[in-house]
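Here is a friendly briefing to read beside the model. Please have the sequence and the 3D view at hand as you go through the topics.

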Amino acid sequence: MRHLLLIGEYDLTIDEKNRLQIPAEIRKSMNSERDGDAFFLVLGLNRKPWLYPERYYEQIVFQAQPELTPGEEQLDFDHVNFALAEKRDWDSQGRMVIPEKTLRRSELTREVTLIGARDHLEIWNRSDWEARREQLLSRSAEV
């Protein structure tokens, strides 16, 4: 089954109520039947908040069969990926609340850039993304 392709970069601001505007372009590209009506917010490998479309996240999670008594590595993976995950909806204006603990853990400031990363979105501090983007562009021939 095909899933939503998430691309682009959007300079945004997290407001005083910790709300992030999900761009209309992204919301409009989501299909309720295929993608769901929410995102799962997880702390990514790079310690940035990652947003996965609801149904896609559930699909990839349930591809692997859980074990009754998982090994230590599997248990560590499950703790990081599921205990710290949250399902987040957006309001009628397209704003999603980013929990305070997520902001703290990922050291996000108010000025952020939301980037598409194929099957998920990532929330970066704007200055960190600008530095990362320049680093990637300088290595574009290698990448």
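Is arginine 88 buried or exposed? Arginine 88 counts as buried, at 18% relative accessibility. For that label, buried means under 20% relative accessible area, exposed means over 50%, and partly exposed lies in between, with a 1.4 Å probe and protein chains only.

The model is predicted, so local features need pLDDT of at least 70 and side-chain atom pairs count only at pLDDT 80 or more, while totals for chains, interfaces and linings use all residues. Residues are numbered from 1 along each chain as its sequence is written, and side-chain values use heavy atoms, with hydrogens and water left out.

**Salt bridges**

- Side chains of opposite charge can pair when their charged atoms come close.
- A salt bridge here is a side-chain nitrogen of Lys or Arg within 4 Å of a carboxyl oxygen of Asp or Glu, and a search of the whole structure finds ten of them.
- One of these joins aspartate 11 to arginine 126, with 3.7 Å between the closest N and O atoms.
- Aspartate 11 sits in strand β1 (residues 9–13) and arginine 126 in helix α6 (residues 126–138), so this pair ties together parts that are 115 residues apart in sequence.
- Helices (H or I, at least four residues) and strands (E, at least two) are DSSP runs, numbered from the N terminus.
- The two partners have their own labels: aspartate 11 is exposed at 51% relative accessibility, whereas arginine 126 is buried at 18%.
- Aspartate 15 and arginine 19 also form a salt bridge, and their closest N and O atoms are 2.7 Å apart.
- Aspartate 15 is buried, with a relative accessible area of 17%, and arginine 19 counts as buried at 17%.
- Arginine 88, from the opening question, meets glutamate 86 in a salt bridge of 3.0 Å, N to O.
- Glutamate 86 is buried too, with a relative accessible area of 17%.
- Glu9, Arg133 and Glu134 are linked in a network of salt bridges.

**Aromatic pairs**

- A pair of aromatic rings is described by the distance of the centres and the angle of the planes.
- Rings of Phe, Tyr and Trp (its six-membered ring) pair if their centres lie within 6.5 Å; planes under 30 degrees apart count as stacked, over 60 as edge-to-face and the rest as tilted.
- By this rule the count comes to seven aromatic pairs.
- Phenylalanine 77 and phenylalanine 82 have ring centres 6.5 Å apart and planes at 85 degrees, so they are an edge-to-face pair.
- Phenylalanine 77 is partly exposed, with a relative accessible area of 45%, and phenylalanine 82 is partly exposed at 35% relative accessibility.
- Tryptophan 124 and tryptophan 129 make an edge-to-face pair as well, at 5.4 Å centre to centre and 65 degrees between the planes.
- Tryptophan 124 counts as buried at 9% relative accessibility, and tryptophan 129 counts as buried at 11%.
- Ring pairs also link Phe40, Trp50, Tyr52, Tyr56 and Tyr57 into a cluster.

- Arg47, Lys101, Arg104 and Arg105 form a positive surface patch.
- Patches are made of residues with over 30% relative accessible area and no salt bridge: like charges are joined within 9 Å, and nonpolar side chains (Val, Leu, Ile, Met, Phe, Trp, Tyr) within 5 Å.
- Lys and Arg count as positive and Asp and Glu as negative, with His and the chain ends not counted.
- Arginine 105 belongs to helix α5 (residues 100–106) and is partly exposed at 35% relative accessibility.

**Backbone points to look up**

- Most residues other than glycine have a negative phi, and most peptide bonds are trans.
- Glutamate 107 is not a glycine, yet has a positive phi of about 55 degrees.
- Glutamate 107 lies in the loop between α5 and β7 (111–116) and is exposed, with a relative accessible area of 63%.
- Arginine 118, also not a glycine, has a positive phi of about 70 degrees.
- The loop between β7 and β8 (121–125) holds arginine 118, which is exposed, with a relative accessible area of 62%.

**Glutamate 54 and glycine 36**

- Glutamate 54 is in helix α3 (residues 54–61) and is buried, with a relative accessible area of 11%.
- The C-alpha atoms of glutamate 54 and glycine 36 are separated by 5.2 Å, and these residues are 18 residues apart along the chain.

Key:
Areas by Shrake-Rupley, 256 points an atom, 1.4 Å probe, with all protein chains shown as cover. Charge placed at Lys NZ, Arg CZ, Asp CG, Glu CD.
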